[in-house]
Amino acid sequence: MVAEKAIELQGVTYKIDGTTILNRIDGSFYKGRITSLVGPSGAGKTSLFRLCNGMRTATDGTIQYNGKLLSSYVPTELRKKVGIVLQQATMINGTVRENLVLPLTLANEQLKDDAVKQSLEEVGLAASTMTKQAKELSGGQKQKLSIARTLLNQPDVLLLDEITSSLDRVSVREIEHLIEQIHERYGTTIIWITHQIEQAKRLSHDSWVMMDGQLVEHGSTQILDHPQDLRVIEFLKEER
């Protein structure tokens, strides 16, 4: 069975003030699979994420989500379906509950306490943390809360931008386990930026290797054990 494409990029180029950030990216992220994006800092991985959920617009080329051009979607609706969790789990001054329901509050919607507790428990946070000040949470707890906040919209695609890079080892494994649970429970398409090659191997079905704004290699995550491009070989040696 041929896997369906969740997001497809064709000839995608992105420039800022004449500087090329992404250069003619061709590739697809497949439905129901976990794909890791690896590569050195400055490779364009985060910029690619911003294009995929409509936060930025490609200079050239096309991006499709579910077979339709991104430009055909209302941006706010697209970002509900293609959710993003950032490296820094930003919290407003207020309780865990207030931070969780912030997107709904901005849309003049409400969530009952039972649903709040369920959302927290789904990501491994105790219901009793609901009234706690969010800024008192640990780094790992803040990331769980950030994930829970994104999951409120029931996204089909979840973009994770180095969400474990500043966490301790125990918290990293907890977040990894949570991501696996989300994938198993909902069949969510997950695209994950990581600098940890072993993490990519543990969690991903597919991998993209990006360098200097280009997609250098992509395919099954086995490419990380058997790269063909000399630049990728050297990069992976340095990361070991």
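This is a predicted model: local features need pLDDT of at least 70, side-chain atom pairs count only at pLDDT 80 or more; totals for chains, interfaces and linings use all residues.

## Before we start

Helices here are DSSP runs of H or I with at least four residues, numbered from the N terminus.

## A look at Leu145

Is Leu145 buried or exposed? Buried counts as under 20% relative accessible area. Leu145 has a relative accessible area of 0%, so it is buried.

Who surrounds it? Setting aside neighbours within four places in sequence, Leu145 is in contact with Met91, Val96, Asn99, Leu100, Leu120, Leu125, Ala134 and Leu137. You can also see how the chain folds back here: Leu145 and Val123 are 22 residues apart along the chain, with their C-alpha atoms separated by 7.4 Å.

Now click on Leu120. Not counting residues up to four places away in sequence, Leu120 touches Val96, Leu100, Leu125, Ala126, Ala127, Thr129, Met130 and Leu145.

## Val116, another hidden residue

Val116 sits in helix α5. Its relative accessible area is 0%, so Val116 is buried too. Apart from neighbours within four places in sequence, Val116 is in contact with Arg97, Leu100, Val101, Leu111 and Met130.

How far apart in space are Val116 and Val85, C-alpha to C-alpha? The answer is 19 Å, and they are 31 residues apart in sequence.

## Strands side by side

Strands of a sheet pair through backbone hydrogen bonds, and the pairing can be parallel or antiparallel. For an example of a bridge, find Ile7, whose partner in β4 is Tyr65.

Next, turn to β7. It pairs with β6 in the parallel sense over 4 bridges, and Ile84 stands opposite Leu159 in β7. β7 is also joined to β8 by 5 bridges, and those two strands run parallel. Here Asp161 stands opposite Ile193 in β8. In a regular strand, side chains alternate between the two faces of the sheet. β7 is covered on both faces: Val157, Leu159 and Asp161 are buried on one side, and Leu158 and Leu160 are buried on the other.

## A mostly covered helix

Helix α1 (residues 45–52) has 6 of its 8 residues buried. Which ones are they? They are Lys45, Ser47, Leu48, Phe49, Leu51 and Cys52. After α1 comes Gly54, which has a positive phi, near 80°.

The largest pocket has a volume of about 720 Å³. Its lining has 24 residues, and Arg79, Ile84, Pro103, Thr150 and Asn153 lie nearest its centre. The elements giving two or more residues to this lining are α2 (75–81), β6 (82–85), α4 (102–106) and α6. By type, the lining of the largest pocket divides into 12 nonpolar, 8 polar and 4 charged residues.

The second largest pocket has a volume of about 290 Å³. It is lined by 14 residues, with Glu122, Leu151, Gln154, Pro155 and Tyr186 nearest its centre. Two or more lining residues come from each of α5 and α6, and α5 gives the most, with 3 residues. The lining of the second largest pocket is made up of 5 nonpolar, 7 polar and 2 charged residues.

Methods: Residues are numbered from 1 along each chain as its sequence is written. Side-chain values use heavy atoms; hydrogens and water are left out. Buried means under 20% relative accessible area, exposed over 50%, partly exposed in between (1.4 Å probe, protein chains only). Contact means heavy atoms within 4.5 Å. On a 1 Å grid over the protein atoms alone, a cavity is a set of points where a 1.4 Å probe fits but cannot get out, and a pocket is an open set with protein on both sides within 12 Å along at least five of seven lines; lining residues have an atom within 4 Å of a point. Grid points are joined across faces, edges and corners, and a volume is the space filled by probe spheres set on the points. Ala, Val, Leu, Ile, Met, Phe, Trp, Tyr, Cys and Pro count as nonpolar, Asp, Glu, Lys and Arg as charged, and the others, Gly among them, as polar. Two strands pair if DSSP finds at least two bridges between them.
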